[in-house]
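My notes follow in the order I looked things up.

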Amino acid sequence: MPRIPAPVLDLHRLTLDNGLRVVLGPDNSAPVVAVSVHYDVGFRSEPVGRTGFAHLFEHLMFQGSESLPKLAHFRHVQGSGGTFNGSTHFDYTDYFEVLPSAALERALFLEADRMRAPTISEENLRNQVDVVKEEIRLNVLNRPYGGFPWILLPPVLYDTFANSHNGYGDFTDLEQATVEDCAAFFDAYYAPGNAVLTVCGDFDVDTAKDLVAKHFGDVPKRAVPKRPSFHEPPPDRERRADHADPLAPLPAVAVGYRLPDPDADLPGYTRAVLLSTVLSDGDASRLPSRLVHRDAIVTEIGAGCGFFSAYDARDPDTMTVTAVYPPGIETDRVLAAVDEEIASVARDGVSDDELSRTAARWSASMFRDHDRLVTRTRAVGVCELLHGRGELAAELPALLAGMTSDDVAEAAQALRADSRAVLTITPGGGDK
């Protein structure tokens with residue numbers, strides 16, 4: 001295996017009296033700072049009958065706050081030369097800014113102000129329901145393969161509402177949301193003790209601690225919800241479903257497998273990450289080499305852990321294999337070829353060259369991503385929230401590089417055809 005460097009993150013922690021966990025990562029290589037706040041609430045925490053609510057509330061957090069009118073957050077960040085955004089995931093929602101280092105206090109004030117009291121009004125709610133519905137039209141309803149596979153595959157693989165429902169939201173559920181629902185959601189999940197504040201970049205640690213205490217210290221302490229386990233047993237058989245997509249030009253298939261618990265069995269989860277990379281990272285990897293270039297039965301194919309990315313969710317998480325293929329090719333022929341490649345790895349493992357090349361490519365990609373301060377800051381925040389160790393964000397490449405051919409084979413052996421979900425896409429809404 002190649003020697004993968006393991007950069008050390010210089011992280012400093014404190015916890016405020018209101019329960020807010022704070023992680024500071026100084027880096028004076030450039031005069032910029034990144035600030036992120038990760039709240040321990042995502043799609044899986046949405047109440048029954050309120051699909052899409054976590055994402056809708058993310059939008060509401062940009063509609064003004066206790067001290068700021070609507071759009072002021074945007075103007076203050078952009079007027080400082082910065083950028084900002086937010087995102088909703090299965091197990092968390094995050095908000096983040098990147099600004100010149102001189103604007104650190106401004107960013108902290110902005111995040112503290114909306115943590116204390118966002119403006120939740122009927123006008124803002126109705127406006128953002130319309131915005132979210134338009135986003136769904138753009139990204140799902142009016143796009144070929146919209147929601148494939150992250151919206152369409154979970155209800156095939158999982159049984160519980162938390163794990164299987166549409167995180168983007170049903171229009172009816174969104175329209176029925178009330179201001180009272182929003183206030184209750186904020187009270188339940190947006191307490192300081194349910195969040196991690198991460199600050200990375202060009203700052204003095206003691207000064208940053210003082211600024212954090214100044215702006216977040218008086219945010220009222222509230223009860224923190226007990227986080228439930230969303231675990232459910234894996235399927236006891238292969239499950240199949242079909243989705244008619246009138247905009248899809250070609251048939252497609254997604255296969256979903258359950259992954260080891262990324263918290264309780266991080267090595268097992270990492271073995272699956274390496275396997276997915278062996279299978280599909282680059283034209284020389286197993287699945288493209290066989291199915292695209294040799295057999296020519298698919299036009300594209302890929303595999304990955306996590307619907308959004310690896311290490312981005314708690315248990316249960318999903319490994320997916322997705323393929324698009326020409327009309328006339330049977331779905332079972334594609335699945336048989338995928339199964340043969342997985343079986344080959346399960347039986348024989350992988351060569352030293354394949355293993356080292358794969359680990360090097362994955363690590364290089366991660367290091368490249370983490371060169372961007374905002375990506376590194378968000379990764380530290382996610383690892384701190386989900387695993388209690390922000391340092392894990394820098395340790396993953398070395399963990400991956402420590403895997404062996406036997407580890408990859410073990411991960412492949414766990415991908416059983418009698419415990420998976422298969423979702424097909426029928427183009428044009430017609431029969432396969």
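I started with a term: buried means under 20% relative accessible area, exposed means over 50%, and partly exposed lies in between (1.4 Å probe, protein chains only). The model is predicted, so I kept its limits in view: local features need pLDDT of at least 70, side-chain atom pairs count only at pLDDT 80 or more, and totals for chains, interfaces and linings use all residues. Residues are numbered from 1 along each chain as its sequence is written, and side-chain values use heavy atoms, with hydrogens and water left out.

**Entry: asparagine 163**

Is asparagine 163 buried or exposed? I found it buried, with a relative accessible area of 3%. Asparagine 163 sits in helix α6, residues 161–164. Helices here are DSSP runs (H or I, at least four residues), numbered from the N terminus.

Next I looked up polar contacts (a pair of N or O atoms within 3.5 Å; within protein, one must be able to donate a hydrogen and the other to accept it, and residues adjacent in sequence count only if both atoms are side-chain atoms). The side chain of asparagine 163 reaches the backbone oxygen of phenylalanine 230 at 2.8 Å. It also makes a polar contact with the side chain of glutamate 232, at 2.9 Å.

I then listed contacts, meaning heavy atoms within 4.5 Å. Leaving aside neighbours within four places in sequence, asparagine 163 touches Arg44, Pro154, Tyr158, Phe230, Glu232 and Pro316.

**Entry: helix α10**

I checked the length of α10, residues 266–280. The expected span is 1.5 Å times one less than the number of residues. For its 15 residues that gives 21 Å, and the end C-alpha atoms are 21 Å apart, which agrees.

Why do I call α10 largely enclosed by the rest of the structure? Because 14 of its 15 residues are buried.

I looked at both ends. Aspartate 265 caps the N-terminal end of α10, with a side-chain oxygen 2.9 Å from the backbone nitrogen of glycine 268. Glycine 282 follows α10, and its phi is positive, near 95 degrees.

**Entry: cavities**

How many cavities of 30 Å³ or more does the whole structure hold? I found three. A cavity is a set of points on a 1 Å grid over the protein atoms alone where a 1.4 Å probe fits but cannot get out; lining residues have an atom within 4 Å of a point. The largest cavity holds about 90 Å³ of space. Of its 13 lining residues, the closest to its centre are Phe90, Phe307, Ala313, Pro316 and Asp317.

Notes. Helices (H or I, at least four residues) and strands (E, at least two) are DSSP runs, numbered from the N terminus. On a 1 Å grid over the protein atoms alone, a cavity is a set of points where a 1.4 Å probe fits but cannot get out, and a pocket is an open set with protein on both sides within 12 Å along at least five of seven lines; lining residues have an atom within 4 Å of a point. Grid points are joined across faces, edges and corners, and a volume is the space filled by probe spheres set on the points.
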